Structure formats: C-alpha cells, structure tokens
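Biologist: I would like to learn how to read a sheet and the spaces inside a model. Please take me through them one by one.

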Amino acid sequence: METMEDMETLLGQGRQAIGLIFDPDSFTENKVGAKTFDDPDFGPGAVVGTAELDGKPVTVIANDADAFNEKFPVVYAGVIGMEEAYKMAQAVYATVAADAAKPKAEKQAIVLVVDTPGNGPGKTEEIFGMNKATGAYQLALAEARIAGHPIVAMVIGRAISGAFLCHGLQADQILSLDAKFGTMIHVMPLTSISRIVKKDIEVLEKLAEGNPVFAAGPQFFYRLGGVEEIVPTIEAMRATVIAHVAEVRGRKANGEDDTLGPWGRGALGAERGGRTVRPEVIALLEKELDAVASKYLPGAA
Amino acid sequence: MSNWSALQNRSFLESNARARAVGLVDEGSFTEFVGPFDRRTSPHLEVLGEAVEFDDGIVTGIGKIGKTPVFMISQEGRFIGGAVGEVGGAKMVGALKAARAFAEKIAKDFPKAKEEEKPIVVISFETGGVRLHEANAGLLAHAEVMDQFQRCRGIVPVVSVIGSKVGCFGGMGFVAAAADVVVMSEFGRLGLTGPEVIEQEMGKEEFDSADRGLVFRTTGGRHKYIMGDCNFLVDDTIAAFRKQLAELGKTPRAKFAEFRRIGSPELVEKQLKRVALAAEMQPKDARDVWAKAGNADPAALGNAPLDDFRKAVKRLTV
C-alpha cells in the first residue's frame with residue numbers, strides 16, 4: 001500500500017482523500033441526516049455521506065474521478081453533471097433539515113473535497129438546463145452557510161472554473177494543497193488565456209508576478225483571498241481542515257459571518273493586496289445611492 | 001442618448017446596456033451609480049494594454065417603474081462580450097447589497113408601504129461569464145453575486161432579463177437561473193456551455209454550433225419558456241420588457257417564491273424528475289422535448305409568429 005509520504009498527488013483520488021482527512025473508517029457513504037441515497041447509478045460522480053472529523057459528525061461531499069455516468073456520457077473524470085449537482089444539493093439540504101431545530105453553534109459542518117474539471121458540457125445538459133443544477137447546489141450551500149453550518153472546502157486536485165464555483169466557492173473557507181501536489185485552480189490554463197488575450201505566455205507569466213488576477217494556480221487565488229490557506233503537505237490536510245472547521249464555527253459564534261464565505265474572501269483579497277478596487281467600487285456605489293435614496297422611498301414625489 | 005420615448009419601441013436585442021437600463025424604468029427616473037464619470041476602469045485590462053471602458057461594461061443604478069423602486073444592473077455585450085471582471089463584478093455585488101439594505105430600510109421605516117412601493121432588482125444579462133483578462137477576480141465575483149442572490153431571498157426579488165445578442169452563458173448562466181424570475185425574449189439565450197464548446201466536446205455530428213436554428217432551439221427564449229426556465233416570454237422591445245417588469249413591481253412579494261425553478265429541496269426534487277426524463281429520452285433535439293410536452297408539431301411551433309406560439313404552446317409539466 002502506498003503511504004502518504006509516497007504520494008505526489010491526490011488528483012483524481014477523491015475517495016482516498018476522504019480516508020486521509022476524516023477519522024479512520026468513519027465514512028458512511030450515501031447517508032446524510034434522514035436521507036439515504038439508494039440508487040448506485042444515481043450521480044456516481046458525486047460522493048456524499050457522513051464521516052467523523054475529530055470525533056464529530058460532518059457531511060462530506062466529494063468528486064469521484066473514476067466514476068462514469070452511463071446515462072449522461074459527458075460525465076466522467078470528476079465532471080459534475082446534472083444528477084451529480086442535484087445529488088450534492090440534496091446532501092446539503094438533508095444536512096440543513098437534520099439540524100433545523102438546533103442552535104447555530106451546533107449545526108453540523110460540511111466539508112467539500114474538491115477535485116473537479118467542469119460541469120457537464122453536453123447537448124442534453126443544455127436542453128434540460130445544466131445551469132439550474134449547478135445553481136441549485138450553490139444556493140443550497142449558501143443557505144446552509146448562512147444558517148450557521150461551517151463549510152470548509154479542501155482542494156485536493158482540480159478546481160476549475162464553473163465547477164469550482166459550483167463545488168467550492170460557496171464555502172466559508174477554502175483550503176488548497178500546495179501546487180507541487182498538482183492542484184489546479186483556474187478558469188483556463190495560461191496557455192489558453194494567452195491565445196485569447198493575444199499576449200505571449202512569457203509576457204503573461206512576467207505580469208502574473210505582480211498581478212495575480214489571471215494566472216492559474218492556488219498561489220494566485222491565495223493572493224486574491226480566494227484561498228484562505230495553502231496546505232503544505234498531504235499529511236497536514238487533516239489537522240488543517242479540523243482547525244478551519246473550528247475557526248469558522250468560532251467566527252460564526254462571534255457574529256463574524258462577514259469575514260467568511262464569498263463576501264469575506266472579498267475583504268481578504270483586499271487585505272492581501274490582490275483585489276483592491278472591489279471594496280472601493282462597492283463603497284462608492286453605496287455612497288451614491290445614499291445621496292439620492294430619499295427620492296425613491298415610499299411617498300417621494 | 002436618444003430620448004426616452006424613442007427608446008420604448010426599439011429592439012431590446014439591438015439596444016446597448018445604458019439604453020436598456022434607462023428605457024426599462026420611467027422617463028427621467030434613472031440615477032446611475034459608479035457611472036462613466038466616476039471612471040472606475042479595470043486596472044487589470046490596463047496592465048495588459050487593453051482598451052478600458054469608463055463603466056467597465058456594466059451599468060448600475062436605480063430608477064422607478066410607477067411607484068416601484070428598481071435597482072438596475074445592465075451588462076454591455078459590446079465591451080469584451082459582457083464578460084465580468086473585478087470592477088463590473090463589484091458593481092453587481094454592490095447593487096445587490098444596496099438593494100437589500102434599501103428593502104430592509106423600507107420594511108423598518110415604512111411598515112405600511114404598499115407592495116408596489118417595495119423595491120425589485122432587475123439584471124439585464126449580456127455575457128459569457130468570466131472576463132479572461134482577469135479571470136480569477138471574475139470567478140470570485142460570480143460566487144459573490146450568487147451569495148448575494150441567496151441573501152436577497154425573501155427581502156427583495158431579483159429578476160433576470162435576457163434578450164441581448166450575446167445571451168447569458170458561462171457562470172452567469174447559473175446566476176441568471178438562480179434569480180426569482182426570468183423574463184426573456186425569443187432572441188434571448190440562456191445556458192451554461194456555449195455552442196462551440198459543446199461541439200468541441202461532442203463532435204459536429206452531435207452538435208453543429210454553426211446551425212443557428214439548433215442553437216436557438218437548445219438555449220433560446222421559446223425553448224426556455226417551454227421548459228419553465230423562463231417565466232415570461234415577451235416581445236423584443238424595451239417597452240415589452242418594461243411592461244412585464246411593471247406587472248412584477250405590483251406583484252405581492254410573497255408570490256415571487258412561486259416563480260422559482262431552483263432554491264429549495266422541493267424544487268430540487270422537481271428538477272430531478274426532469275433529469276430522469278432527460279436520461280430516459282436522450283433527446284436528439286430540443287424539439288423531442290417540445291413534443292413530449294404535448295406539442296404535436298414542434299417544427300411549426302418553433303416557426304410560428306410569437307403571439308401564436310404563446311397562445312398554442314404547451315409547457316413541460318413534469
């Protein structure tokens with residue numbers, strides 16, 4: 001058996017990553033709260049279930065790069081198809097429902113193990129609306145996060161564009177294995193961007209040193225606030241996820257929700273110097289609204 | 001800017017973002033936020049030596065339709081395909097957040113406000129999603145917009161308007177679907193993966209991206225109306241969109257949840273029935289699904305004048 005020290009990458013190994021992050025042998029697949037997922041052919045690219053993390057139950061949502069969805073042939077290698085996205089949404093809603101009566105501090109955490117190259121890019125997907133499936137999962141995660149469930153995403157492989165928006169970017173905090181383990185976070189690789197924006201790749205690489213907004217890789221997302229912390233080794237993953245679940249729970253208990261999720265990443269992006277214009281624009285917009293708001297209130301002429 | 005009355009009968013498709021924003025609300029009522037005079041341009045385009053726009057390709061502001069305050073976000077497809085970067089994304093996020101705060105203020109300070117005096121948010125989408133020149137910042141902005149959508153629920157309704165040349169694709173394709181209401185013209189297109197990418201993935205025999213009819217049948221307003229992904233299918237004039245928005249402005253806010261297609265466990269179950277139908281049918285063409293919905297002659301339906309289409313069409317009830 002491969003030991004952790006031998007592993008150079010977890011890319012394509014979502015199930016193995018579950019074994020490394022959560023308490024040994026604690027993962028029960030296909031059961032979340034009162035919900036069971038009984039059809040093995042339903043959304044096989046999505047792995048959902050409940051595990052224990054440091055002795056506490058957590059909902060696990062991961063990708064299975066080895067699965068192939070026979071019904072939707074564009075879904076393989078970790079692609080999130082329509083069934084996969086709705087299955088992931090069901091796991092989130094089941095988590096929310098199970099804890100509906102619990103106080104905020106006791107809401108079960110959700111850990112997203114992220115390794116996905118994209119959403120289903122097929123004709124059937126467009127006819128029936130792949131956009132709804134991925135949107136549904138994001139709304140479910142946002143609802144759970146706002147309700148108080150700590151959500152931590154751990155990028156172990158690919159976190160690409162729309163699939164990362166779907167599975168990752170609605171979390172409270174996002175962690176990523178260091179790029180040396182083959183992790184990829186991007187909209188497009190720099191070679192494609194180079195073609196589209198018509199700039200030599202060498203020029204772009206040079207520019208990326210000073211400006212992280214277009215280059216591919218977790219280190220650039222870190223500078224933009226898009227990744228909270230880079231995890232330096234595979235061994236460190238488990239302790240880092242445990243620490244961040246606790247950190248998120250603590251911040252929520254202190255009413256610091258504004259430092260978490262997509263909005264919190266905005267502030268972090270400014271703090272790290274990667275996205276400094278965003279807060280200025282938002283503040284200016286609010287100021288300009290304030291100046292005229294009375295004209296638009298009920299009863300105004 | 002041509003005068004407001006002249007805008008009304010203009011094609012929505014042919015108009016630009018500012019004409020849409022101004023024309024969709026009452027004459028003289030529009031106040032733009034972070035407009036061209038503020039010159040908030042993209043620093044990232046500048047670094048790459050690209051042309052910038054003083055509004056970064058997104059018009060944001062507030063106007064009124066009748067008594068309804070309307071927060072407006074209007075994307076400009078003529079500027080880098082309407083793609084969203086840091087500044088434009090921040091304008092969207094800022095406008096949504098401001099709309100929410102405004103709605104909460106009215107609820108608190110004007111407890112007797114009539115329904116039509118409460119605000120709505122209107123987003124005219126014309127975009128392929130993320131602006132690649134600043135891809136990472138654009139991606140992060142998408143997640144923020146989605147988060148704001150969820151936070152707006154039950155506080156201020158969000159209406160997607162799609163009737164532009166570029167359509168609404170990529171990450172913004174799921175943002176638009178996550179709104180409370182979707183209003184389209186037959187020329188509007190909504191999806192996730194653009195036609196060229198599907199062709200690349202599936203081969204030309206399966207999907208020929210040069211076949212305009214096929215592209216429109218797959219993502220166009222008529223198809224999305226049959227699927228229930230678009231709530232209202234209107235004529236291609238600014239006035240027609242405006243009339244629909246005026247009706248929505250008077251609609252009780254509690255009713256907006258009924259327009260939704262996603263956003264609750266129940267809606268997920270409903271959509272999953274359709275996914276099962278997709279697996280069962282393996283449709284070669286959107287017309288197969290139109291027939292399944294009970295339309296005997298899908299080809300004729302697709303070509304019928306819009307009024308006849310609206311009268312005759314049967315929408316999918318699965």
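Modeller: Start with the sheet: chain B holds an open sheet of seven strands in the order E1-E2-E3-E4-E5-E6-E7, with mixed pairing. Strands (E, at least two residues) and helices (H or I, at least four) are DSSP runs numbered from the N terminus, and two strands pair if DSSP finds at least two bridges between them. This is a predicted model, where local features need pLDDT of at least 70 and side-chain atom pairs count only at pLDDT 80 or more, while totals for chains, interfaces and linings use all residues. Residues are numbered from 1 along each chain as its sequence is written, chains are lettered from A and ligands numbered from 1 in the order in which they are written, and side-chain values use heavy atoms, with hydrogens and water left out.

Biologist: Which are the edge strands of chain B?

Modeller: Strand E1 (31-33) and strand E7 (232-234) of chain B, each of which pairs on one side only. On E7(B), strand E6 (181-185) of chain B pairs in the parallel sense over three bridges; there, Met184(B) has Leu233(B) as its bridge partner.

Biologist: Which strands does H10 of chain B lie across?

Modeller: Contact means heavy atoms within 4.5 Å. Angles run from 0 to 180 degrees between N-to-C directions, with axes fitted to C-alpha atoms, for helices over the stretch in contact. Helix H10 (238-250) of chain B lies across E2, E3, E4, E5, E6 and E7 of chain B, at about 160° to E6(B).

Biologist: How many cavities of 30 Å³ or more are found in the whole structure?

Modeller: On a 1 Å grid over the protein atoms alone, a cavity is a set of points where a 1.4 Å probe fits but cannot get out, and lining residues have an atom within 4 Å of a point. Points are joined across faces, edges and corners, and a volume is the space filled by probe spheres set on them. The search finds two cavities of 30 Å³ or more. The largest has a volume of about 50 Å³, and its lining includes Arg275(A), Arg278(A), Glu86(B) and Glu144(B).

Biologist: What lines the second largest cavity?

Modeller: Phe169(B), Pro195(B), Ile198(B), Phe207(B), Val215(B), Thr218(B) and Thr219(B) line that cavity, which holds about 40 Å³ of space. H8(B) gives the largest share of the lining, three residues. The lining divides into five nonpolar, two polar and no charged residues; Ala, Val, Leu, Ile, Met, Phe, Trp, Tyr, Cys and Pro count as nonpolar, Asp, Glu, Lys and Arg as charged, and the others, Gly among them, as polar.

Technical notes: On a 1 Å grid over the protein atoms alone, a cavity is a set of points where a 1.4 Å probe fits but cannot get out, and a pocket is an open set with protein on both sides within 12 Å along at least five of seven lines; lining residues have an atom within 4 Å of a point.
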